[in-house]
Amino acid sequence: MTRYQNMEQLTGDFYTQNFAKTAREGSLILNLGPQHPSTHGVLRVIVELDGEYVMRAEPILGYLHRMHEKMAEVKTAAQFIPNMGRVDYGHAMGWNWAFVGAAEKAGGIEVPERAEYVRVITCELNRIASHLLWWGAYLLDLGAFTPIMYAFDDREKILDILQIPTGSRLTYSYFRIGGVAQDLDADCIRRIREFIPWFRSRLPMYKDLVSDNIILRKRIEEIGVIEQDVCRRYGATGPVARGSGINYDVRRAAPYSVYPKLDFEIPTSDLKCARGRYDVRMAEMEQCLRIVEQCLDMMPEGEVLVKGAPKPSWKVPKGEAYFAVEGARGKIGAYVVSDGGKNIYRTKLRAPGFCNLSLFAEVSRGTILADAVAILGSLDLIIPEIDR
Amino acid sequence: MNAIPAELLRILIGLVAVAASVGLIGLVMVWVERKVAGHIQRRPGPFEVGPSGVLQPLCDALKLVGKQLFMPSGADPILFWLAPVLAFLPVLLLFLPLPVGDGLQALNINLGLLLILAFSGLAVLSVLLGGWASNNKYGLLGAARAVAQSVAYEIPLLLSVLAVAFVAGSLDLAEVVKGQGTWPWNWNVMTQPLAFLIYFVSALGETNRAPFDLPEAESELTAGFHTEYSGMGFGLFFLAEYANMVVVCSVATALFLGGWHGPVLPGPVWFVLKVSALMLLMVFARWTYPRVRFDQLLVINWKWLLPLAVANLLLTAFFVKLAQFA
Amino acid sequence: MIKEALNTMSDLWSLMVGLRVTKKYFLDPQVTVRYPWKAVSNIDSYKGHLMLVGGKKDKGLAKCISCGMCAMACPSNCLTVVKRKAPKPTPEEEQALAEAKAKGEKPKDKTPKDPEKFLYDFTLCSLCGTCMENCPVGALDFTGSPYLAGYSREDFHFDLVQVLKNQAAIEGVDESAAPEAGQSEA
C-alpha cells in the first residue's frame, strides 16, 4: 500500500485529511454527506473508492448533536420527558417509555394496568409508523419513488390515531412518570380497530409492488451480510440483529410491561443480508398489528395515571436504575443515576442506531457504492438518535 | 432541376418544425410525466397553473431560463458549456428521418435508421463531457457509468434493429413501415417479438431512463453527471432526455408497431398514439421499479440481451434466406 | 435448466405485477387534500400553542390565579406570570385595615388573583403539556389551531391575558382564529 506522498496537497477538513492519510494512491475519496440524499439527515460517510468499489468507509457523527444527556442534568425527571420525543422522531414512544420506565424503576412507582396497555398500543402503532417510514425511505434509496407515497398514506392514518391522545404527530411527549398523559378515547379505539384490518389488506400490495420485485430482490439479496459475531461485537440489536438470525428482542428477553401476557412472535431471518433485515421489518409490522389487536381486547377499564403521580418538582430518590425497551431500531436503554437532588445526576441514553451504524464500516468494505448505500439504508438509521 | 430546391425547402421546413416540436414535446412530456407520477402516487401532480396545471412546465422553463448559469471553480469552461449543447443539438437531427405519416417525413433518405443510430451515439459524448468537465467527483462517476452503459446497450439495440431491417430489406424507416399492414397481426412485433423486447429494454438503457438511470442515480451520486449544471444547462440535458425518449419510441413504432398504419383514423394520429403509448409505458416503468445496480445492468446486457439478440438475428437471417429460396 | 427458465419467467412476471399495482392506483382517486382550498379533517385533535381559559361569567377574564405552578413546571422556561400589584387602598379601607389589625384579625387580601401579564414564548415551547397538567385550576389549554404563522420571532411572544381579552371581544365572529401579530406584545 503506497501512501499519499504529498501530504500538503490533501484538501478537505480534518476528517477528510485524516482519512486520506491512509488512502491508497489513485483511489478516490468521496464525502457522502453531511447533505446527501441517501443519508437521511446529516450523517456523513467518507468513502475511499476504487472505481465503484468501496475500499473503506468511515461514518462521521456529530452533525446533529443536541446534548440531550446534558440537558437531562439541568431538568427534573418530569421535565426531561419532552426531550425523549426529539431523540428519535421515528419511534418517539419507545424513547418516552425507556426514560419514563427508568424513572419509575428508580422511584418505585407502579403504573396502572390500563396505562400499561395504552403504552403498548401506542408504542406498537408507532413502531409500524417507524417501519413504514423506513420502508419508504429505503426504497427511495434504491431508486423506487412511489412506495414512499403509499407508505406515507398508511403512516398518515397512524399519525391521525396517535394525534388524538397525544396532540402531536411526530415528536410525542405522551408518557408520564406513573402512566400516560391521556386515555385513549372511544373515537381513538374505534379508529385503531378500523385501521388493523385495513392495514392488513395493504400488506399484500406492498409485497406485490416491491417485495417480490425481481429488481429489488437482486438489489438487496446477499449484500451487506452481517455475521452473528459481528452483531455481537458491535452490540447491534433490533431488526439488524434479528435479520442475522439472532433471536433477541427485549420484549421477550427481558420482558417488561404486559408483553409476557401477549401472544406474538419475534420474526427472525437467517439470510443475514439486507433482505433478511427487510423481511424482519415487514414481518414485524404484522406482529405489531397482532399485539395491538390483543391489547384492545384485554385492556381493562381504569385510570391511566397513577394516583399522586410525580409532580415536575419530584425528585428521583437516591440510587440508580436501568430500563430497556425494544424500539423500532433495537434496544433503547435509559440509565438514570440520582443523588437525590432536584435534577437527575446523570442520564445515559443507549441509542440502538449508534451501535447499528458502527458496524457499517466493517460491512461495507469491498462492496459497490450502490450496495454501500443499500446497506446503510437497511440499518434503518435515524441520525438525531445516533448523535443524541 | 426543380427537385433540388424542393428537397432543400422540405428539409428547412422540417428543421423548423422539428425544432418547434422538440420544444413542445419537452414541455408536454414534463407535464405528462409529472401528472402520471402524481396519479400513480395518489396525488394530483401539478394543478395550479392553467387548467390541470398544463402551463406548469412553461413556468418551470421560464424559471430555468432565468436562473444564473453557474460553473464550479476548476471546471473546464469550454467542455462544460459544450456538453449540454452537444446533448441537445443531435436530437434535432434524429427527428428528421422519422416517418410520421405516409410521405410526412422531413428527410427522406434510404439510410434513415443509420442516421438515427449514429447520432444517438453522440449523446453519450455529451454526458461524458458534462461529467468530466464539471470537476466534481459525483459527476465523474456518473459520466463513467454513462459511458459503460451506453456503449453496452448500443449493441443489442443495433442487433435488434438489424433483425427488422433484414426482414424489411431496407434501412429506410418509411420503407419498413410500408412493409407492415393496418392490423396488429401485420406488424413486425408479431414476427419479431423478441427483437421488440430487446429493443425496448435497450432503449430504456440508452436513454438513461429508470430503472436504468444510473448516470444520475440520485441516492448514490446526488445527480450524477449534471450535478453541477444550473439553469438552462440542466434544462438542455433535461430536454434532450425527453426528446431522446420520443425518438426511441418513434423508431420502435416505425419498426415494430406498424408506424402510421391503423384503421379508421388518419396515419399521423395513429403514429402519435402509438408513440404516446410507449412513452406512457416508460413513464410507468420509472415510477414503479427500483433502480438496478451497475454490475447488474451490465449483466443484463452482456449475459441476456446480447446473446438473445444475436440468436434472434441468426434465426431471422436463416428464415429470410429460407424465404428467398422458397 | 427448465426450473431456471421457469424462475426467470416468474421473475419477469414480478415486474408485471408491480406495473399492475401502479396501474390500479393510477386509476384510483387521489388522496391528496388540496390544502388552501380544502382543509384536512383531523385538526380537531391537534394541540397547538397555549391559551388561557376564560372564566364562566367573564370570558375575557382568565381563570388563572397567578400561582406560577406552570412557569415552574415548564421544561423550557417559556412562561412568565406577572402578578398584579395590590391596588392602593382607599382611606376607608386603610382605616378598616388598621381596625382589623388592632383586633388581631388577619387582613383580607383584596388583590385580584388574575395575572397582569402572562408572557408566553412560543419559540421555546415544545407543547409537552406539563404546564396544563400542573395547573391547579385548569386555566391553561391548547388551542386547536395549527395555522399560527408570523414574520418575525417577536410574533411568537404572546401576552396570553391580552390574547384572551381580544379573543373574547371577537367571540362569536371567529372562535378559532389564531392570535394575530398585532396582538402579541412581549
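In this predicted model, helix α3(B) meets helix α5(B) through L79(B), F80(B), L82(B), A83(B), P84(B), L86(B), A87(B) and P90(B) on the α3(B) side, and through L122(B), A123(B), L125(B), S126(B), L129(B), G130(B), W132(B) and A133(B) on the α5(B) side. By class, this contact has 14 nonpolar residues, two polar residues and no charged residues.

Two packed helices are described by the angle between their axes and the distance between the axes. For α3 (residues 77–95) and α5 (residues 122–133) of chain B, the axes come within 8 Å and cross at roughly 160°. An angle over 145 degrees counts as roughly antiparallel, and α3(B) is therefore roughly antiparallel to α5(B). The crossing of α3(B) and α5(B) is left-handed.

On α6(B), the contact is made by Q149(B), S150(B), Y153(B), E154(B), P156(B), L157(B), S160(B), V161(B), A163(B) and V164(B); on α9(B), it is made by A195(B), I198(B), Y199(B), S202(B), A203(B), G205(B) and E206(B). The residues of the contact of α6(B) with α9(B) comprise 10 nonpolar, five polar and two charged.

| Helix pair | Axis distance | Axis angle |
|---|---|---|
| α3(B) and α5(B) | within 8 Å | roughly 160° |

Chain B is assigned two domains, domain 1 (17–66) and domain 2 (72–325). The C-alpha centres of domain 1 and domain 2 of chain B are 22 Å apart. In the contact between these domains, 16 residues of domain 1 of chain B meet 16 residues of domain 2 of chain B. On the domain 1 side, α1 (3–40) and α2 (56–66) of chain B are the elements that give two or more residues. The largest share of that side, 13 residues, comes from α1(B). By class, the domain 1 side has 14 nonpolar residues, one polar residue and one charged residue.

Chain A contains an open sheet of three strands in the order β6-β7-β8, with antiparallel pairing. β6 (319–326) and β8 (346–350) of chain A stand at the edges with a single partner strand each, so one side of each has no neighbour in the sheet. Neighbouring strands of this sheet are turned by 10° against each other on average, direction ignored. Eight bridges join β6(A) to β7 (residues 331–338) of chain A, and I332(A) in β7(A) is the bridge partner of V325(A). Helix α4 (residues 92–107) of chain A lies across β6 and β7 of chain A and runs at about 150° to β6(A).

Between chains, the contact of chain A with chain B takes 27 residues from chain A and 22 residues from chain B. On the chain A side, β1 (28–32), α5 (113–141), α6 (146–166), α8 (214–220) and α15 (369–378) of chain A each supply at least two residues. That side divides into 16 nonpolar, five polar and six charged residues. The contact of chain C with chain B takes 10 residues from chain C and nine residues from chain B. The chain C side consists of four nonpolar, four polar and two charged residues.

Notes: Residues numbered from 1 in each chain as written. Chains lettered and ligands numbered in written order. Predicted model: local features only at pLDDT ≥ 70, side-chain atom pairs only at ≥ 80, totals over all residues. Contact = placed C-beta atoms within 7 Å. Helix = DSSP H or I, 4+ residues; strand = E, 2+ residues; numbered from the N terminus. Nonpolar A, V, L, I, M, F, W, Y, C, P; charged D, E, K, R; others polar. Domains from an automatic or database assignment. Pairing = 2+ DSSP bridges. Axes fitted to C-alpha atoms, helices over the stretch in contact; angles between N-to-C directions. Parallel < 35°, antiparallel > 145°, perpendicular 65-115°, else oblique. Left-handed = near helix turned anticlockwise from the far one by under 90°.
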